[in-house]
Amino acid sequence: MNIPVPGMNGCMANDSLQKTRRLCPPRVYVENWLSVSYVPYYLPCPEIFNMKLQYKGEKPFQPVTPSQYPQPKLLEQKPTELLTLTPWLAPIVSEGTFDPELLHRIYQPLNLTVGVTVFAVGKYTQFVQHFLESAEQFFMQGFRVHYYVFTNDPTAIPRVRLGSGRLASIIPIQGHSRWEEISTRRMETISQHIVERAHREIDYLFCLDVDMVFRNPWGPETLGDLVAAIHPGYFAVPRQQFPYERRPLSTAFVAGGEGDFYYGGAVFGGRVARVYDFTRGCHMGILADKANGIMAAWQEESHLNRRFISHKPSKVLSPEYLWDDRKPQPPSLKLIRFSTLDKDTDWLRS
Amino acid sequence: MDPREFWGKSTKFWLCLILLFAVLLGFYSQDTHSVVLQRMQLEKKESSERDCHLDTCRIPEVPRLVYPKAQLLKPTRVDVLVMTPWFAPIIWDGTFDSAILDAQFRNITVGLTVFAIKKYVVFLKLFLETAEKHFMVGHKVNYYVFTDQPANVPQIPLQEGRQVVVLEVRNYKRWQDISMHRMEMISNFSQQRFLREVHYLVCLDVDMKFSDHVGVEILAPLFGTLHPGFYRGDRQSFTYERRPLSQAYIPRDEGDFYYAGGFFGGSVPEVYRLTMACHQAMMADQANGIEAVWHDESHLNRYLLYHKPSKVLSPEYLWDEHMLRRPPLLRKLRYVAVPKNHAEIRNR
């Protein structure tokens with residue numbers, strides 16, 4: 001039942017929210033060359049950090065259409081192998097914890113658009129084809145998707161056939177000689193991009209590494225306010241062994257007794273507004289470190305981890321959503337959905 | 001150099017030029033106008049954000065805390081389901097860490113609605129006293145006591161940040177009507193005052209007492225509680241309303257859980273929607289000459305089937321020790337029935 005609620009403002013959206021996007025025909029199109037005015041690293045962009053964005057409205061709970069699906073079994077006798085809830089009651093998503101059809105029925109009527117940012121700079125442009133092709137097969141099937149490919153060489157980005165309701169935009173950015181620079185700039189670029197464009201075009205945003213492929217369905221079970229993914233290398237070790245930044249001088253410093261999970265920098269996302277707050281926060285930390293002449297142990301992944309301790313994610317993806325194929329797959333991980341491509345990292349980063 | 005000479009003609013000329021340049025910069029800065037617009041929207045959004053409930057508005061920041069780390073390969077409970085297939089946590093003891101949650105939910109005010117009509121005022125004293133010990137301790141609480149006898153509301157010593165608000169309402173002859181009209185009254189007051197006063201609403205039965213911690217782990221945009229009599233059962237055995245004529249009708253092959261009418265809640269806008277929908281459904285039923293088998297509870301179940309709650313509370317949060325033997329999977333009993341003589345207390 002959709003009940004109009006007059007006189008109540010706040011997070012309840014107008015049901016008459018008009019979408020002014022038009023559905024583009026299914027092909028890749030190249031953005032007009034944006035003149036990216038590059039701001040020196042040590043000067044934050046004043047207009048970005050003061051602006052509040054006008055987002056698409058928050059949606060009230062929509063009724064789910066009646067349907068057949070099995071009754072949830074409250075008294076589970078079989079031991080579940082993975083933790084399914086964090087101590088702050090955020091779901092940990094893995095195969096078997098959710099009903100894909102039910103979730104699809106809940107999310108489909110919301111007419112959501114999901115954005116994806118990937119950075120293909122220098123030699124990394126060679127991964128775009130495989131990434132996009134696998135995404136076309138497995139990522140958010142049945143939803144509107146908008147890929148944002150950031151690159152220093154738009155001519156190197158191949159044209160990939162996209163399904164209906166799915167777009168790609170190629171956005172030129174400045175390249176750098178050091179791969180660490182490229183990696184660390186991503187937070188700044190993503191937050192700027194949200195301000196300039198993305199907040200008008202998408203509802204949810206995922207920020208993914210490009211040197212990966214989708215191997216199995218990645219669907220609306222991953223949608224949440226602020227979503228993090230557990231790093232495949234550290235899900236079974238105690239927090240003292242997490243590769244946090246351990247130098248107190250850095251803003252990404254994490255003390256010995258802190259930390260929930262070690263999250264991977266290759267996958268994070270959420271509602272556009274939350275991703276904006278998150279990337280902006282990380283970027284401020286990176287700027288402060290730059291001013292103090294320090295770079296965190298794992299670049300922006302360290303800052304991401306620091307921020308996820310104080311701003312806990314509302315949903316956590318199990319290592320099924322961020323896997324390293326070089327590792328043997330443990331039996332507790334039933335379905336690997338997104339994993340690394342075998343590659344020569346030293347050559348790529350040269 | 002003579003100071004007066006400094007402010008000579010050429011300096012004035014350069015100053016004017018600089019000013020002109022600055023003005024032009026202002027004009028051509030494309031963002032100025034939109035920044036001003038956005039600042040206006042910012043003010044508007046800030047005032048509306050005060051009404052926003054935590055869950056969708058921002059990711060709450062927590063200070064440095066010390067707590068044991070969760071282990072991905074060691075689930076906290078293996079004897080029960082802790083998450084529904086639509087990702088709503090099912091709250092059992094051991095699944096949550098109050099230290100983190102209290103930090104995430106600091107600075108919120110929780111409204112508790114309870115109805116003490118006719119003879120039910122006798123339950124208020126024990127209800128409020130135990131609530132002071134166990135309900136949302138450390139957070140701001142407004143007890144909204146709906147009653148037809150304001151003079152009979154007991155004076156209970158309250159902790160800091162907590163207050164009792166007595167709301168005078170009418171009574172009804174039949175206890176079923178008293179129960180059902182709670183929906184109408186909550187929806188009216190949600191719009192009139194709760195929206196401005198509290199972030200979350202918790203709607204409870206009064207003939208109960210708190211016996212263990214009930215805290216912010218329950219708070220979500222919309223939550224329901226598993227009825228203690230049906231948590232084991234199959235959906236066919238749930239006492240849903242089964243007559244298609246009623247608005248509360250649920251077919252035999254549908255249903256997730258049987259939710260209890262005595263403990264539900266959520267953010268004020270969502271509780272408003274729920275109570276309004278249930279009230280309208282009950283009015284429609286009345287017009288059609290039908291009354292759902294379990295009254296407001298039947299309508300609540302229909303609503304929560306089609307508007308899935310974002311959290312579900314386990315039977316720890318609503319139990320009756322006198323009617324049910326306590327199973328080992330219930331490690332705590334937090335909110336329990338107070339024995340009453342049904343015939344005595346109703347309809348007088």
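How many aromatic pairs does the count come to over all chains? I looked this up to start my notebook, and the count comes to 43. A note to myself before going on: this is a predicted model.

**Entry on one ring pair**

I picked out A:Y234 and A:Y262. Their ring centres are 5.2 Å apart and their planes stand at 70°, so I wrote the pair down as edge-to-face, a term for planes over 60 degrees apart. I then looked up where the two tyrosines sit. Both A:Y234 and A:Y262 belong to the loop between β7 (226-230) and β8 (263-271) of chain A, 28 residues apart, and the pair links distant parts of the chain.

Next I asked myself: is A:Y262 buried or exposed? A:Y262 counts as buried, at 1% relative accessibility. A:Y234 is partly exposed, with a relative accessible area of 24%.

**Entry on an aromatic cluster**

I also found one aromatic cluster formed by A:F131, A:F139, A:F206, A:F214, A:W218, A:Y321 and A:F338.

**Entry on two helices**

I turned to helix α4 (residues 179-201) and helix α5 (residues 272-291), both of chain A, which pack with their axes 9 Å apart and at an angle of about 140°. That angle makes α4(A) oblique to α5(A). The crossing of α4(A) past α5(A) is left-handed.

Who makes the contact? On α4(A) I listed residues including A:M187, A:I190 and A:I194, and on α5(A) my list includes A:V275, A:F278 and A:I286. I sorted the residues of this contact by kind: ten are nonpolar, five polar and four charged.

Technical notes. Residues numbered from 1 in each chain as written. Chains lettered and ligands numbered in written order. Predicted model: local features only at pLDDT ≥ 70, side-chain atom pairs only at ≥ 80, totals over all residues. Heavy atoms only, no water. Axes fitted to C-alpha atoms, helices over the stretch in contact; angles between N-to-C directions. Helix = DSSP H or I, 4+ residues; strand = E, 2+ residues; numbered from the N terminus. Parallel < 35°, antiparallel > 145°, perpendicular 65-115°, else oblique. Left-handed = near helix turned anticlockwise from the far one by under 90°. Contact = heavy atoms within 4.5 Å. Nonpolar A, V, L, I, M, F, W, Y, C, P; charged D, E, K, R; others polar. Phe/Tyr/Trp six-rings, centres within 6.5 Å; stacked < 30°, edge-to-face > 60°. Buried < 20%, exposed > 50% of the residue type's maximum accessible area, 1.4 Å probe, protein only.
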